[in-house]
Amino acid sequence: MSVNVDIGINADDYSRLVHFVKSCYGIDLENKQFIVQSRLANYLADSGFSNFSEYLDAVMDDRSGREAANLINRLTTNHTYFMRESEHFDHFRQVFLPQAEKSVNDHDLRIWSAGCSFGNEPYNLAMCLDEYFGLSRRQWDLKILATDISFNALRQAQRGVYTSKALEKLPEEWVSRYFDMTSHGLYQVKDRIRSNVVFKYHNLMEEINFKKKFDLILCRNVMIYFDDLTKSQLCKRFYEATEEGGYLYIGHAESAPADMPYIKQQPAVYRKITEVSGK
Ligand SMILES: C[S@@+](CC[C@H](N)C(=O)[O-])C[C@H]1O[C@@H](n2cnc3c(N)ncnc32)[C@H](O)[C@@H]1O
């Protein structure tokens, strides 16, 4: 028997969805009805919901959170690539690392890629660290924390497998140094680099409860989906979680909130400076 799926979303249901996604995940879906509709149509048809209202009730009533996670997997934009916004990698190697090498006395460098998508960003940082520290990397704890709300993106990130196209902007010698070719002609990040990145689920709408403060937080091309209030609250939480003298990188296309607590150093690079410090 064929099920007649009505994916047409009425105004009430769409505003229920917008409110739910914004309050739980910060993502603003106002005026995105066409995209939402096209991303959910096949799923609704395949999973037997007879209309959008029924589906939305299921998302909101599912206490396991599985249906909501599935919705987020479908709605988030995970676009990313290696060496994205290369100015950040220049700053990382030329400014951040030389400063950190001098100031991080316990040799425990704390870096967080918040909204890491498929892992290109944290792996890219791990490669920079490997190159920068060379043999002395053994004297350092260089583990990078990488978080996202998309389980689908996190799963792929953990595998660390990419097409040759995704590697286009990386220096050629890095491709041979940091990737193994798979039997399917794809490229997998080498174990020793993968083991330097710890992937975790974290919703940026929630409290930040990691054990230590960070020397660098990257939250690039994530806040673009958030409204001003959400951005402002998130930047305050990041600030609290940043070491004195530490940095925040945001996407170059993103605007900082009006009450940004960090001090701007250059486009899309911010620093926590609250006291006169020699760092
Ligand atoms: C466009 S990607 C950016 C990836 C990478 N930072 C870059 O610049 O290439 C945005 C990522 O933010 C994640 N994201 C969106 N809302 C989030 C939230 N509330 N908490 C954590 N991650 C979120 C999405 O799942 C997606 O993987």
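Where does the ligand lie in relation to domain 1 (11-75) and domain 2 (86-271)? Both domains give residues to the shell around the ligand, so it lies between them. The domain bounds come from an automatic or database domain assignment. This is a predicted model, in which local features need pLDDT of at least 70 and side-chain atom pairs count only at pLDDT 80 or more, while totals for chains, interfaces and linings use all residues. Residues are numbered from 1 along each chain as its sequence is written.

There are 25 residues around the ligand, and Thr76, Thr80, Gly115, Ser117 and Leu204 come nearest. A residue is near a molecule if its C-beta atom, placed from the backbone, lies within 6 Å of it. By class, the shell has 9 nonpolar, 12 polar and 4 charged residues. Here Ala, Val, Leu, Ile, Met, Phe, Trp, Tyr, Cys and Pro count as nonpolar, Asp, Glu, Lys and Arg as charged, and the others, Gly among them, as polar.

Now take the two domains themselves. Their centres, taken over C-alpha atoms, are 29 Å apart. Domain 1 puts 8 residues into the contact and domain 2 puts in 11; two residues are in contact if their C-beta atoms, placed from the backbone, lie within 7 Å. On the side of domain 1 that touches domain 2, helix H1 (11-25) and helix H4 (66-75) are the elements that give two or more residues. H4 gives the most, with 3 residues. That side of domain 1 has 5 nonpolar, 2 polar and 1 charged residues.

The protein as a whole has 10 helices and 10 strands, which are DSSP runs numbered from the N terminus (helices are H or I, at least four residues; strands are E, at least two). Of its 279 residues, 33% count as buried, that is, with 20 or more other C-beta atoms within 10 Å of their own, the C-beta atoms being placed from the backbone.

The largest nonpolar core has 58 residues, and Ala126, Ile217, Cys219 and Leu248 touch the most other members. Domain 1 and domain 2 both give residues to this core, so it lies between them. A nonpolar core is a set of buried Ala, Val, Leu, Ile, Met, Phe, Trp, Tyr and Cys residues joined through C-beta atoms within 7 Å. Leaving aside its neighbours within four places in sequence, Cys219 contacts Ala114, Gly115, Phe238, Leu248 and Ile250.

Notes. A residue is buried if 20 or more other C-beta atoms lie within 10 Å of its own, exposed if 12 or fewer, and partly exposed in between; C-beta atoms are placed from the backbone.
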